[in-house]
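Subject: Structure handover

Hello,

Please find the structure below. My notes on it follow.

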Amino acid sequence: MVSELPWDSKTGALKRELAEGMMNPACKCALEAALQIKETHGAHITAVAMGPPMAEEVLYEALALGADKGVLLSDRRMAGADTLATSQTLAAAIKTVSPDFDLILCGCRTIDSETAQVGPQLAEELDIPGAADIETMTLKDDLLVMERLLDDFFEVLEMRTPALVTVSTSGYTPRYPFFTGIEDAFAKPDITVMGTSDIGLNPDCVGMKASPTRILDVYSTTANKTNVVLKGAVKRIVADLFNAYGDKIGGAMGKDLQTHEHESS
Amino acid sequence: MNDETGSEIWVFGDYRNYFQNRVTLQLLAKARDLSRKISARVCAVVFGCGIDEYVAEYAAHGADKIYVVDHPGLERYQIDAYVALMERLCRERSPEIVLVGGTGFGREFAPRVAKRLKTGLTSDCIELYIDDEGILVQTAPAFGGNLMAVIVTRDRRPQMATVRPGMFQELPHDYEARAQIVRIDPPADPPPERLRVIRSDRRPQTDRKLEDARIVICGGRGMGSKAGFRKLFELAQLMGAEVGATRPVVYSGWANHDALVGQAGKQIKPMVLFSFGVSGAIQHTAALTGAGFVIAVNKNPDAVMMKMADVAVVADAKQVCSAMIKELRKRIRP
Ligand SMILES: Cc1cc2nc3c(=O)[nH]c(=O)nc-3n(C[C@H](O)[C@H](O)[C@H](O)COP(=O)(O)OP(=O)(O)OC[C@H]3O[C@@H](n4cnc5c(N)ncnc54)[C@H](O)[C@@H]3O)c2cc1C
């Protein structure tokens, strides 16, 4: 049986489409943080996604929830980007679409590769202050006060906007779209699709060409596992389990689990 | 002057939770191992204030050479200052490889350093080796640990990786070991502190029983009810095991949040893991990559958790739990 891996062995790129069409949990929290700021201070929210045309779904969702504008960066040449190239592409898009931004909010990590690297690298690329894994934040004029629990330290942090925050999944609870919101989003979706030249980048500055890392191989940890399946009567299974693996289990327990009775039952 | 030729492997000295998190020592041991193949020197890089005790520890755990920047301005982990210093040192001394522990701070710090140096960085590696061309081959989980990606940075230097804690074994403390200590002055004009740390308080030490347990029994929604889930505690007590839980279980109040295993909870690395009525969502399995022998119980033989297991038991989770309790009572002699 050939298992379908979300990886193209010819080009060495992860096929993110399989995870696409679904907003990352952490990005939902980042959007929630943006919506709360909009409600208390007023704001214009631009949702930005990078990916195949299908990723537009995510922007519809963001608009339905209350974002004002969507930007989809979609260009074959952007495929295979590692975090360094991605942060460069996102920075170019932000400078094109919204050069006077006050705040960039990112999910602290994606569920597909979990690098958690794009946010901090984007802050570097834009040369603005940045903070990662933030649980709560409040904005007073241009001062952002944030809290986070990192490595067993509770921290209160401050920085001035324009700035970048990566939002953790433990502080904000994403809202669900109301139906009116959804209708609005579909009635007049303000979504712009942009390619490499639209954001003023040279094709050599995006995608795999601009990525110092290469994926040599992707393998499944589950596919080739020789796996013993036990089924049948529960009592029998449990006896078999201890007969076959009693030394392993007992070893971890620091006890001898030799059968003392019913050995042949 | 000491010998300054030859390549270097650097390990960032992340000592903030020295006694709870030994990742720096684990990386020094791994760096020793890697250094043989490319005849590199193993170097620790430490920033802080009054940090001689850590310098001594790193010397005793495998560092040949330690770069130390000791200054009151570096007393707290401060991202702008630490990144600028690391960037400067890398530019001045061109290490071949830079390894950073995958702590919260490390995972914010390393991407910024890599960005400034325009080099590649692989996050959360669980395995590292040097191939025949002398390139660092890095294995990192993708898609929640169900897939592994093997990644290299061919042309840029340094080759950078953050590494998950608990993946490598630290070297025993060697009192005889001596390292070359290189003290470096902090920059005369430090970068502006754009992210200011107003407060940084150590939280009362969190309980690490689950993370360090030799046997973990994880229960999921398949335990059916709070009473069903409670049975796992009885089993755990017999085995001297700790009980972990999936998110729905915690949300239903069958177990405390402390028991949550997964992306939003704890990483575990038991020798033996029992998984009862767990489907195997990536947010959960991401935390299981360090588990040794896995025994899963599920009614559904096709559940991802069953595919990941060494032994897949197709049965009712509660019944298996009760039968195991009975069987163990027979087998464990007082
Ligand atoms: C941002 C985010 C973070 C998350 N973080 C975490 C996290 O840290 N940890 C976590 O665990 N989850 C997390 N989740 C949730 C995760 O996606 C899954 O929903 C969760 O892990 C599923 O838990 P489960 O396996 O107990 O339940 P289910 O997915 O409902 O699975 C129950 C399993 O039990 C089996 N079963 C049912 N009845 C029986 C029976 N009688 N006997 C035997 N088997 C039976 C079923 O076949 C099924 O496989 C997170 C989700 C998000 C969006």
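A word on terms first: helices (H or I, at least four residues) and strands (E, at least two) are DSSP runs, numbered from the N terminus. This is a predicted model, in which local features need pLDDT of at least 70 and side-chain atom pairs count only at pLDDT 80 or more, while totals for chains, interfaces and linings use all residues. Residues are numbered from 1 along each chain as its sequence is written, chains are lettered from A and ligands numbered from 1 in the order in which they are written, and side-chain values use heavy atoms, with hydrogens and water left out.

**Backbone**

Start with strand E6 of chain A, residues 130-134, which holds A:Asp133. The phi of A:Asp133 is positive, near 60°, and this residue is not a glycine. Chain B has a case too: B:Ser39, also not a glycine, has a positive phi of about 30°. B:Ser39 sits in the loop between helix H1 (23-38) and strand E2 (41-48) of chain B.

Next, the cis peptide bonds. In chain A, the bond from A:Thr161 to A:Pro162 is cis, with omega near 0°. A:Pro162 belongs to the loop that links strand E9 (153-160) and strand E10 (163-167) of chain A. In chain B, B:Arg157 and B:Pro158 are joined by a cis peptide bond with omega about -5°. Look for B:Pro158 in the loop between strand E8 (147-153) and strand E9 (159-163) of chain B.

**The ligand site**

Which chains surround the ligand? Residues from chains A and B do, so the site is shared between chains. There are 25 residues around the ligand (a residue counts if one of its heavy atoms lies within 4 Å). B:Arg221, B:Thr246, B:Ser279, B:Gln283 and B:Asn298 come nearest. By class, the shell has 9 nonpolar, 12 polar and 4 charged residues. Here Ala, Val, Leu, Ile, Met, Phe, Trp, Tyr, Cys and Pro count as nonpolar, Asp, Glu, Lys and Arg as charged, and the others, Gly among them, as polar. Two helices of chain B, H7 (247-251) and H8 (282-285), each supply at least two residues of the shell.

Now the polar contacts (pairs of N or O atoms within 3.5 Å). The side chain of B:Thr246 has an N or O atom 2.6 Å from an oxygen atom of the ligand. A polar side-chain atom of B:Ser279 is 2.6 Å from a ligand oxygen atom. At B:Lys299 a polar backbone atom lies 3.2 Å from a nitrogen atom of the ligand. Taken alone, the ligand exposes 990 Å², and the protein buries 80% of that (Shrake-Rupley method, 1.4 Å probe).

**Helix packing**

Axes are lines fitted to C-alpha atoms, for helices over the stretch in contact, and angles run from 0 to 180 degrees between N-to-C directions. Angles under 35 degrees count as roughly parallel, over 145 as roughly antiparallel, 65 to 115 as roughly perpendicular and the rest as oblique.

Helix H6 of chain A (residues 234-253) packs on helix H10 of chain B (residues 317-331) at about 60°, with axes 10 Å apart. H6(A) is therefore oblique to H10(B).

Within chain B, the axes of helix H6 (residues 226-239) and H10(B) come within 10 Å and cross at roughly 25°. H6(B) and H10(B) are therefore roughly parallel.

Best wishes

Key
A polar contact is a pair of N or O atoms within 3.5 Å; within protein, one must be able to donate a hydrogen and the other to accept it, and residues adjacent in sequence count only if both atoms are side-chain atoms.
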